[in-house]
Amino acid sequence: RPPRVTFGPGTKNSNVHVNQDYIFASLNITEQNFDTVTYYLYDAALNLIKEESFEEPVSNFTFIDLSEGRYYYNATVKDKADLMGSTETRNLTIDKTIPIVNFAAGIEQDGVYKNQSNIYIPASIIEQNIDKITYFLYDSSMSQIKEKEFTRLVSEYNFTELNDGIY
């Protein structure tokens with residue numbers, strides 16, 4: 001029977017984005033005749049970029065000093081009869097770049113009085129790994145009165161049906 005190996009506590013699920021330069025993997029290993037455990041790390045093109053093997057059941061390992069990008073990782077345990085068991089392959093994206101958000105052309109200047117019931121907000125957004133974008137509208141006492149959230153790049157929003165007031 002081949003060794004049983006699964007990811008353990010502390011190992012990130014697939015399809016997560018992190019602001020760090022390492023990937024931690026924890027393993028649950030079940031094998032009576034253990035020989036080796038090997039941790040594998042692949043880049044976004046699935047090229048093997050790191051391989052670490054141990055002749056003792058090392059169940060925690062961290063790939064360090066990683067640059068931004070998508071990575072794939074897994075582990076394999078081999079027993080003394082050359083039978084092997086592997087984890088599934090997981091992926092993770094390292095993203096340490098702060099998003100850049102600015103008002104864009106077409107935004108009204110502060111202190112402008114308008115006879116309209118909407119406020120148009122154009123934005124310049126630079127971010128490759130968008131999780132969410134939220135537009136907020138505040139009244140003159142800085143109380144939030146409206147918000148609109150998107151899970152994709154939306155570089156403009158129009159708050160409508162507004163009452164007379166200072167926003």
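Met142 counts as exposed, at 60% relative accessibility. Exposed here means over 50% relative accessible area, buried means under 20%, and partly exposed lies in between (1.4 Å probe, protein chains only). The model is predicted, so local features need pLDDT of at least 70 and side-chain atom pairs count only at pLDDT 80 or more, while totals for chains, interfaces and linings use all residues. Residues are numbered from 1 along each chain as its sequence is written, and side-chain values use heavy atoms, with hydrogens and water left out.

Met142 also has a positive phi, about 65 degrees, although it is not a glycine. Met142 sits in the loop between strand E12 (133-138) and strand E13 (144-150). Asn15 is another residue with a positive phi, near 65 degrees, and is not a glycine. Asn15 lies in the loop between E1 and strand E2 (16-18). Asn15 is exposed, with a relative accessible area of 55%.

The protein chain has zero helices and 14 strands. Both kinds of element are DSSP runs numbered from the N terminus: helices are H or I of at least four residues, strands E of at least two. From the N terminus, the elements read β-β-β-β-β-β-β-β-β-β-β-β-β-β. The C-alpha trace spans about 80 × 25 × 20 Å along its principal axes. The radius of gyration is 25 Å, whereas a compact globule of 167 residues would have a value near 15 Å. This radius is taken over C-alpha atoms, and the globule rule is 2.2 Å times the number of residues to the power 0.38. Of the 167 residues, 31% count as buried. Contact means heavy atoms within 4.5 Å. Among contacts between residues at least 6 apart in sequence, 53% join residues at least 24 apart.

Axes are lines fitted to C-alpha atoms, for helices over the stretch in contact, and angles run from 0 to 180 degrees between N-to-C directions. Two strands pair if DSSP finds at least two bridges between them. Four bridges join E1 (residues 4-7) to E3 (residues 23-30). Phe7 stands opposite Leu27 in E3. Four bridges also join E3 to E6 (residues 60-63). Here Phe24 has Thr62 as its bridge partner, and Ser26 stands opposite Asn60.

A further open sheet of three strands has the order E10-E11-E14, again with antiparallel pairing. E10 (100-103) and E14 (156-159) are the edge strands, each with a single partner, so one side of each has no neighbour in the sheet. The twist averages 25 degrees from one strand to the next. Four bridges join E10 to E11 (residues 119-126). Phe103 stands opposite Ala123 in E11.

A nonpolar core is a set of buried Ala, Val, Leu, Ile, Met, Phe, Trp, Tyr and Cys residues joined through side-chain atoms within 4.5 Å. The largest core has 21 residues, and those with the most contacts inside it are Ile23, Val37, Tyr39 and Phe63. E1, E3, strand E4 (34-42), E6, strand E7 (69-79) and strand E9 (90-94) each supply at least two residues of this core. Leaving aside neighbours within four places in sequence, Val37 is in contact with Leu27, Ile29, Glu52, Ser53, Phe54, Glu56, Val58, Thr76 and Val77. Apart from this core lies another, of ten residues, among them Ile125, Ile133, Leu137 and Phe150.

Eleven aromatic pairs are found in the whole structure. Rings of Phe, Tyr and Trp (its six-membered ring) pair if their centres lie within 6.5 Å; planes under 30 degrees apart count as stacked, over 60 as edge-to-face and the rest as tilted. Ring pairs link Tyr39, Phe54, Phe61 and Phe63 into a cluster. Of these, Tyr39 and Phe63 are also among the residues with the most contacts inside the largest core.
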